[in-house]
Amino acid sequence: MTDHAFDLPLLQQWVGRTEVKEDLIQPAMASALAATLDQAAPAAELPPLWHWIYFWTVAPASEVGADGHPQRGGFLPPVPLPRRMWAGGRLTFTAPLAIGREATRTSRILNVEAKAGASGQLAFVTVRHEIAQDGRIAVTEEHDIVYRDLPQPGAAAPAGKPAPQEAAWTREIVPDPVLLFRYSALTFNGHRIHYDRSYVTGVEGYPGLIVHGPLIATLLLDLLRRNMPEAVVKEFSFRAVGPLFDIEPFTVCGQPGADGRVKLWAKNQRGELAMQAEAVISA
């Protein structure tokens, strides 16, 4: 039994909890993310996935946990497993978010479940977000969060899954600490795995700073936008398969299909899959 055994029925009491946040879709924030992604700033509408830099969770310093996140047990359930990361998500875009206008995000805990993985205990929390502007829902998102235990001392890293070989588009990304810092700052994400090298290597046992899951997903859709600038993204789903680190470049890849579906993925330098995704587009 792990030292981080948890009471699943207790955690499932969080199912149904809701949270409402309002935010201004500030032009300066959108311009800062555009600069971080090395592209021109959007003029009027927020590109898909850029809503992640808004609706911050702002916790007082006295309520921040050892990992840099807000202490557990508020809106999210108090899962005691120490590692916490984005596992994936499913999004529907029904209207663009206008820059310079107020928006409201309503969030609800959909599910809390436990699983046994190859590396030990896992817990998954699924949150549904609805983002509305001017009384109309613009974005619907189901966000999966995974919690896991620390690896056993001396345990080998799990074997990677090979990424697809054929891609119509590719772009190499160099995830230096400046990129990770800027994205953490834009999302007010204090999670130390993205900027504190001594913490991520010494406490959580990773070889380097971890590239944010939402940043990888954003770079995948950015690849689509660079190659199909007129396409309108209607749906997007993604799943994290393995972590990426700042110690080496990685590649984002895309392969459009004939049915309006675009396969997207990220791979490390060894050709191992890090994230897989699919976008549904209209011309």
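Let me begin with leucine 49, which sits in the loop between strand 2, residues 45-46, and strand 3, residues 83-93. Please keep in mind that we are looking at a predicted model.

What is the phi of leucine 49? Its phi is near 80 degrees, a positive value in a residue other than glycine. As background, most residues other than glycine have a negative phi. Is leucine 49 buried or exposed? The relative accessible area of leucine 49 is 1%, and buried means under 20%, so this residue counts as buried.

The loop between strand 2 and strand 3 also holds phenylalanine 55. Phenylalanine 55, although not a glycine, has a positive phi of about 60 degrees. With a relative accessible area of 4%, phenylalanine 55 is buried.

I turn now to the chain as a whole. Its secondary structure consists of 5 helices and 12 strands. The C-alpha trace spans about 55 × 45 × 35 Å along its principal axes. How does the radius of gyration of the chain agree with that of a compact globule? For 283 residues, such a globule would have a value near 19 Å; the chain has 19 Å, and therefore the two agree.

Regarding contacts, consider the pairs of residues at least 6 apart in sequence: 72% of these contacts join residues at least 24 apart.

Next, the interior. Of the 283 residues, 44% count as buried. The largest nonpolar core comprises 59 residues, and Leu224, Phe236 and Leu264 are those with the most contacts inside it. Helix 5, residues 213-227, gives the most to this core, contributing 8 residues.

Which residues does leucine 224 touch? Leaving aside residues up to four places away in sequence, leucine 224 touches Trp169, Pro229, Ala231, Val233, Val262, Leu264, Ala279 and Ile281.

Finally, the surface and the charges. The chain exposes about 13,600 Å², of which carbon and sulfur atoms supply 53%. How many charged side chains are there? There are 26 positive and 30 negative side chains. The centres of the two sets lie 2 Å apart.

Methods. Residues are numbered from 1 along each chain as its sequence is written. This is a predicted model: local features need pLDDT of at least 70, side-chain atom pairs count only at pLDDT 80 or more; totals for chains, interfaces and linings use all residues. Side-chain values use heavy atoms; hydrogens and water are left out. Helices (H or I, at least four residues) and strands (E, at least two) are DSSP runs, numbered from the N terminus. The radius of gyration is taken over C-alpha atoms; the globule rule is 2.2 Å times the number of residues to the power 0.38. Buried means under 20% relative accessible area, exposed over 50%, partly exposed in between (1.4 Å probe, protein chains only). Contact means heavy atoms within 4.5 Å. Accessible areas come from the Shrake-Rupley method with a 1.4 Å probe; for residues, only the protein chains shown count as cover. Lys and Arg count as positive and Asp and Glu as negative; His and the chain ends are not counted. The place of a charge is taken as NZ of Lys, CZ of Arg, CG of Asp or CD of Glu. A nonpolar core is a set of buried Ala, Val, Leu, Ile, Met, Phe, Trp, Tyr and Cys residues joined through side-chain atoms within 4.5 Å.
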